[in-house]
Amino acid sequence: VAACGRLSRAAEVRPTVLIGCAGALDPSLRPGDVVVASAVLEAGRAEPVALAHAEEVAERLRGASGMPGGARVHLDPIVSSPRILSGDEARAQARVGGAAAVDMESLWCAPLQRSRPFAVVRAILDVPGKDLFSLGTAANALRCARSIAAAARALSDWRPDSVGHDTLLEVGEH
């Protein structure tokens with residue numbers, strides 16, 4: 001949230017991509033798969049916030065040569081939850097709004113799109129039936145990290161047609 005505040009106060013308008021990990025809600029997703037959020041919504045509420053540059057970002061990732069082997073790129077809604085979701089019942093409830101994955105930040109950063117091109121990219125860390133705190137998490141974390149790194153490389157010079165030619169702003173920049 002602090003990083004979002006810094007970005008919203010930045011003098012220059014630069015594209016921003018929120019890249020990180022997520023838990024799968026869609027049982028067809030595998031660790032390391034990438035979900036580009038077409039919209040974000042809050043767990044338990046069905047009011048999605050559409051993201052205008054999602055399709056463009058997904059196509060760019062699908063065409064990237066550096067994506068790890070077997071990683072698929074999906075364009076689907078993502079639900080944000082203020083807590084980690086564990087168990088099939090919690091995941092099923094979160095999927096009610098059509099979300100393919102769950103994270104803990106995207107919805108609260110979505111207002112950034114009012115002032116700049118904004119996209120959300122999530123690599124899958126855990127899947128239904130194998131929650132975050134399971135034996136496979138270490139191997140899944142490696143797949144997830146490779147996908148995050150590949151997505152960041154593929155989007156490092158992303159410049160939507162609707163804005164100037166600035167490069168992406170890294171969260172740590174001031």
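1. Is C21 buried, partly exposed or exposed? C21 is partly exposed, at a relative accessible area of 38%. Here buried means under 20% relative accessible area, exposed over 50%, and partly exposed in between, with a 1.4 Å probe and protein chains only.

2. A word on the basis. This is a predicted model: local features need pLDDT of at least 70, side-chain atom pairs count only at pLDDT 80 or more, and totals for chains, interfaces and linings use all residues. Residues are numbered from 1 along each chain as its sequence is written, and side-chain values use heavy atoms, with hydrogens and water left out.

3. C21 is in no disulfide; its nearest cysteine sulfur belongs to C144, 4.7 Å away. C144 is in no disulfide either. C144 is buried, with a relative accessible area of 4%. C109 sits in helix 4 and is buried at 7% relative accessible area.

4. A nonpolar core is a set of buried Ala, Val, Leu, Ile, Met, Phe, Trp, Tyr and Cys residues joined through side-chain atoms within 4.5 Å. The largest has 35 residues, and L61 and V121 have the most contacts inside it. Among the elements that each supply at least two residues are strand 1 (16-24), strand 2 (34-42), helix 2 (54-62) and helix 5 (137-155). Helices (H or I, at least four residues) and strands (E, at least two) are DSSP runs, numbered from the N terminus. A second, separate core of 8 residues includes L25, L85, A90 and A99.

5. Helix 2. A54, V57, A58 and L61 are buried in this helix. Seen down the axis of helix 2, these buried residues fall within an arc of 100 degrees, so they line one face of the helix. The arc is taken from the directions from the helix axis to the C-beta atoms. The buried residues pack against strand 2, strand 4, strand 6 and helix 5. Contact means heavy atoms within 4.5 Å. L61 touches V34, V36, M67, V73, V121, A151, A154 and L155, not counting residues up to four places away in sequence.

6. S81. This residue lies in the loop between strand 4 and helix 3 (88-95). S81 is buried, with a relative accessible area of 2%. Its side chain reaches the backbone oxygen of R83 at 2.8 Å. With residues up to four places away in sequence left out, S81 touches A43, V102, D103, M104 and W108.

7. Salt bridges. The structure holds 7 (each a side-chain nitrogen of Lys or Arg within 4 Å of a carboxyl oxygen of Asp or Glu). D157 pairs with R60, the closest N and O atoms being 2.3 Å apart. D157 lies in the segment after helix 5 and R60 in helix 2, so the pair ties together parts that are 97 residues apart in sequence. D157 is partly exposed at 34%, and R60 is partly exposed at 31%.

8. Buried pairs. R91 and D126 meet in a salt bridge at 2.3 Å, N to O. R91 is in helix 3 and D126 in strand 6, so the pair ties together parts 35 residues apart in sequence. Both R91 and D126 are buried. R122 and D103 also meet in a salt bridge, at 2.9 Å, and both are buried. Shared partners join D103, E105 and R122 into one network of salt bridges.

Key
A polar contact is a pair of N or O atoms within 3.5 Å; within protein, one must be able to donate a hydrogen and the other to accept it, and residues adjacent in sequence count only if both atoms are side-chain atoms. A disulfide is a pair of cysteine sulfur atoms within 2.5 Å.
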